[in-house]
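Please read this report with the sequence and the structure side by side, and look up each element in the picture as it comes up in the text.

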Amino acid sequence: MLRLQKLTKTYKTGDQALKAIDLDVPKGQVLALIGPSGAGKSTMIRCVNRLVEPSSGAVLLEDVDLTKLGAGALRKARREMGMIFQEYALVERLTVMENVLSGRLGYVGFWRSFLRRYPQSDVDEAFRLLDRVGLLNMADKRADELSGGQRQRVGICRALIQNPKLLLVDEPTASLDPKTSRQIMRLITELCRERGLAAIINIHDVALAQMFVPRVVGLRLGEIVYDGGPNGLTPDKLTEIYGEEDWEATIEKVEDDEIEAAE
Amino acid sequence: MSDITLDQMLGRGWKKPPFVKRAWLRWTLIIGFIVYLIAAVSTIEVDWGRVYDGLDRGWQFVLAFTSPDFTSRWTDIWEGLLESIVMTVAASVVGILISIPIGLGAARNIAPLPVYVVCRGIVAISRALQEIIVAILLVAIFGFGPLAGFLTLSFATIGFLSKLLAEDIEAMDKVQAEAIKASGARWTQWINYGVQPQVMPRLVGLSMYRIDINFRESAILGLVGAGGIGATLNTAFDRYEYDTAAAILIMIIVIVMALEYLSGIIRARVQ
Amino acid sequence: MPVLEREDARVWRRRTTGESLIRWFGWLLGVAVFVYCWQIISASTTWFFVWDAPRIANDIWTRATPPRWEYITQLGRPIWDTLNIATLGTMIALCLAVPVAFLAARNTTPSALIIRPIALLIIVSTRSINSLIWALLLIAIIGPGVFAGVIAIAIRSIGFCAKLLYEAIEEIDHTQVEAITATGASRWQVMAYGIVPQILPAFAGIAVFRWDINIRESTVLGLVGAGGIGLQLSASLNVLAWPQVSLILIVILAAVVISEWVSAKVRGAII
């Protein structure tokens with residue numbers, strides 16, 4: 001459904017963040033993108049919805065090349081891709097409900113959105129989503145009153161109310177504690193399954209990725225160095241992605257976690 | 001609150017919670033504001049005919065900026081500008097020097113209460129009186145000329161700088177100052193080592209800012225006879241010599257821009 | 001590190017010899033400039049008046065006290081005008097300052113090469129020139145009165161408000177804007193949802209702050225004929241009616257204190 005072809009990004013400074021990436025994400029597949037900081041994970045998902053303009057190559061979403069779209073068509077295409085951010089990126093001075101409804105901005109006109117007069121169906125959907133993530137009571141709270149985990153749930157609602165086909169998730173757990181991290185990852189993967197969404201999840205926590213995701217792509221210096229199941233991530237592979245380190249402990253811990261998660 | 005269920009919410013409209021929660025207060029504020037606006041606008045007498053005639057002159061003035069006349073009244077402009085600059089420099093130096101002790105005295109954490117009250121009083125008086133009113137009084141007392149302007153600007157500088165300096169000292173890091181005190185330093189040494197390094201960068205920045213303000217103010221003191229470029233400017237407007245006025249305004253703008261640029265550089269260096 | 005090797009001892013100095021010399025030279029230059037400025041001021045001062053100043057000050061004081069309290073009945077309308085000049089001027093200025101600020105901020109300007117410099121020029125030129133000068137100019141163009149005062153205050157405030165506002169816009173959290181952009185929102189929607197909520201507190205603060213300053217400035221606009229209580233001040237000064245002058249000064253002081261109190265309260269409520 002999403003296909004990257006020779007996707008390249010060179011920054012003005014001359015740094016090549018992505019080197020001719022080829023990647024295929026079928027419908028409904030959740031994929032974790034791992035790699036050290038600076039490997040280009042963030043750049044890659046931002047190139048997909050063109051928050052960062054790719055230098056060359058193509059991004060095909062259901063056979064439409066996003067890199068060729070004009071401003072209006074790009075906005076229509078962005079509606080199909082929900083994005084979840086590292087530091088939640090909620091508009092902090094707006095209420096939870098406004099933040100969730102802001103996911104519909106691509107669908108409603110300016111004055112409607114300005115006057116906060118969203119169609120009833122959008123409002124109902126927002127309530128359903130908030131209920132699903134357990135924040136129905138918080139609807140009229142301001143976003144900066146929430147805890148980290150709660151804010152990320154609001155971020156998830158904002159992405160889902162777009163009714164997307166694809167989720168782009170940028171380090172969803174980087175600012176959360178371990179327990180909340182797992183809850184958020186579980187929530188994201190569950191929601192993807194419920195709605196048949198494909199997702200690319202940037203994540204630096206390998207153990208967490210292995211726990212929840214059927215396919216892992218390893219990125220190093222802008223190139224894909226691993227693409228396969230979570231169990232194929234051997235110490236050798238991890239060394240190739242991240243560099244020399246004792247990886248046995250990480251992998252063992254993963255197996256413990258899996259048992260725990262299954263319980 | 002936890003008894004709200006999804007079914008209760010579905011199908012119900014949603015409105016942004018209003019900024020002012022109490023409805024009567026919200027409406028009082030809105031209606032009061034509208035009534036005030038209507039009253040205010042309706043009491044302004046505008047002679048639209050005069051305004052319409054003025055548009056032509058206004059346009060001439062705008063055009064004058066494209067061909068400012070620096071030459072025909074150059075001696076007047078030069079003398080006025082020099083006087084403005086001289087007043088600015090002298091008043092800034094004196095004002096900054098006086099505002100340092102007053103600022104120290106107006107900081108509650110280092111000054112004893114009687115000193116604090118006196119210094120805060122000086123600051124309050126200086127801040128409450130505008131430059132132009134002080135200038136009128138000083139011209140009445142000391143006669144026309146730049147001395148009145150110089151005193152006005154010095155007085156205004158004291159109020160501005162002392163207040164901000166005092167606030168800065170009150171907000172400083174206590175631990176650093178205590179460490180110096182613990183070494184057995186005398187009061188003057190304590191100020192020099194414990195307080196001064198902490199507030200110095202900001203003091204320099206604020207002083208530069210005040211020099212900038214002093215120059216801008218010095219341009220209007222001439223209107224009431226307290227010296228500077230204002231008198232020349234006033235004459236130019238009275239005689240409808242827009243090209244000369246434009247020249248003066250351009251020079252003021254350029255000097256203010258230069259001062260801002262300079263203060264940016266100096267502030268970057270002291271921090 | 002300025003540690004000097006002298007014979008066989010190492011002497012620590014805060015600065016190297018060259019640095020000290022430059023510093024001393026700088027101080028010397030500063031003192032010389034100040035002395036030069038003082039001489040210019042002194043040369044254009046009639047020192048006879050200055051020596052006579054205490055007597056004159058005393059004379060004015062005796063004439064001015066007690067204030068002519070019954071004159072207050074004639075000040076109602078001028079006070080109302082003053083309030084209107086400040087309030088309406090601030091509102092007009094804010095309406096104009098918002099677009100200018102968006103055009104001037106690096107992250108929202110449509111064109112950094114052409115439009116941004118123009119916006120910055122508007123900011124600098126309106127900011128550098130005092131509202132009294134704008135009033136002089138407007139009176140020459142559209143005639144004396146409250147309307148000229150309103151416009152003068154408005155023009156002067158554009159640059160001030162736009163500068164503070166565009167600095168606030170440049171400091172916003174970019175990821176929030178990115179998040180709204182990622183939903184497929186249009187340019188205007190990104191502005192309304194991603195940027196405006198972030199700068200709204202700053203905007204309100206700036207508005208009240210400037211209103212407070214404008215109350216002060218509008219009290220003296222009448223000196224050049226632009227309406228408000230300054231007109232009465234100027235008229236009383238011209239006929240040397242000192243008891244009226246002192247009453248007007250008291251009223252102005254009260255207005256300044258009240259407006260500062262109001263602005264502090266409102267800012268406290270917003271932030």
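Into which domains is chain C divided? The model shown here is a predicted one, and in it chain C falls into domain 1, which covers residues 3-64, and domain 2, which covers residues 72-270. Taken over C-alpha atoms, the centres of domain 1 of chain C and domain 2 of chain C are separated by 37 Å.

Chain C holds ten helices and two strands, and when its elements are followed from the N terminus on, they run β-β-α-α-α-α-α-α-α-α-α-α. Chain C has a radius of gyration of 26 Å, which is well over the 18 Å that the globule rule gives for 271 residues, so chain C is more spread out than a compact globule.

Chain B, in turn, has eleven helices and zero strands, so that reading from the N terminus on gives the run α-α-α-α-α-α-α-α-α-α-α. The radius of gyration of chain B is 27 Å, again well over the 18 Å of the globule rule for 271 residues, and therefore chain B is also more spread out than a compact globule.

The table below sets out some further values for these two chains.

| Chain | Box of the C-alpha atoms along the principal axes | Buried residues | Share of contacts (residues at least 6 apart) that join residues at least 24 apart |
|---|---|---|---|
| Chain C | roughly 75 × 65 × 40 Å | 42% of 271 residues | 69% |

**Where chain B meets chain A**

How many residues of chain B are in contact with chain A? Twelve residues of chain B touch 13 residues of chain A, and the side that chain B contributes consists, by class, of seven nonpolar, three polar and two charged residues.

One element to look at here is helix α5 of chain A, which covers residues 120-132. Which residues of α5(A) are buried? They are Val123(A), Glu125(A), Ala126(A), Phe127(A), Leu129(A) and Leu130(A). In an α-helix there are 3.6 residues a turn, so residues three or four places apart point the same way. The buried residues of α5(A) pack against α3 (96-101) and α6 (148-160) of chain A, and together with these against α1 (6-9) of chain B. Just after α5(A) comes Gly134(A), which takes a positive phi of about 80 degrees.

**The strands of chain A**

In chain A, four strands form an open sheet in the order β2-β1-β4-β5, and the pairing in this sheet is antiparallel. The edges are taken by β2 (16-25) and β5 (64-65) of chain A, each of which has a single partner strand, so one side of each is left without a neighbour in the sheet. Within the sheet, strand β1 (residues 2-10) of chain A is joined by five bridges to strand β4 (residues 56-61) of chain A, and the two run antiparallel. A pair that can be found in the picture is Thr8(A) with Ser56(A), its bridge partner in β4(A).

Another group of strands in chain A is built around strand β9. In which sense do β3(A) and β9(A) pair, parallel or antiparallel? Strand β3 (residues 30-34) of chain A and strand β9 (residues 215-220) of chain A pair in the parallel sense over four bridges, with Leu31(A) standing opposite Arg215(A) in β9(A). By contrast, β9(A) pairs with strand β10 (residues 223-228) of chain A in the antiparallel sense, over five bridges, and in this pairing Arg220(A) stands opposite Glu223(A) in β10(A). The strands β9(A) and β10(A) form a hairpin with two residues between them, and in its turn Leu221(A) has a positive phi of about 50 degrees.

Notes. Residues are numbered from 1 along each chain as its sequence is written. Chains are lettered from A and ligands numbered from 1 in the order in which they are written. This is a predicted model: local features need pLDDT of at least 70, side-chain atom pairs count only at pLDDT 80 or more; totals for chains, interfaces and linings use all residues. Two strands pair if DSSP finds at least two bridges between them. The radius of gyration is taken over C-alpha atoms; the globule rule is 2.2 Å times the number of residues to the power 0.38. A residue is buried if 20 or more other C-beta atoms lie within 10 Å of its own, exposed if 12 or fewer, and partly exposed in between; C-beta atoms are placed from the backbone. Two residues are in contact if their C-beta atoms, placed from the backbone, lie within 7 Å. Ala, Val, Leu, Ile, Met, Phe, Trp, Tyr, Cys and Pro count as nonpolar, Asp, Glu, Lys and Arg as charged, and the others, Gly among them, as polar. The expected span of a helix is 1.5 Å times one less than its number of residues. Domain bounds come from an automatic or database domain assignment.
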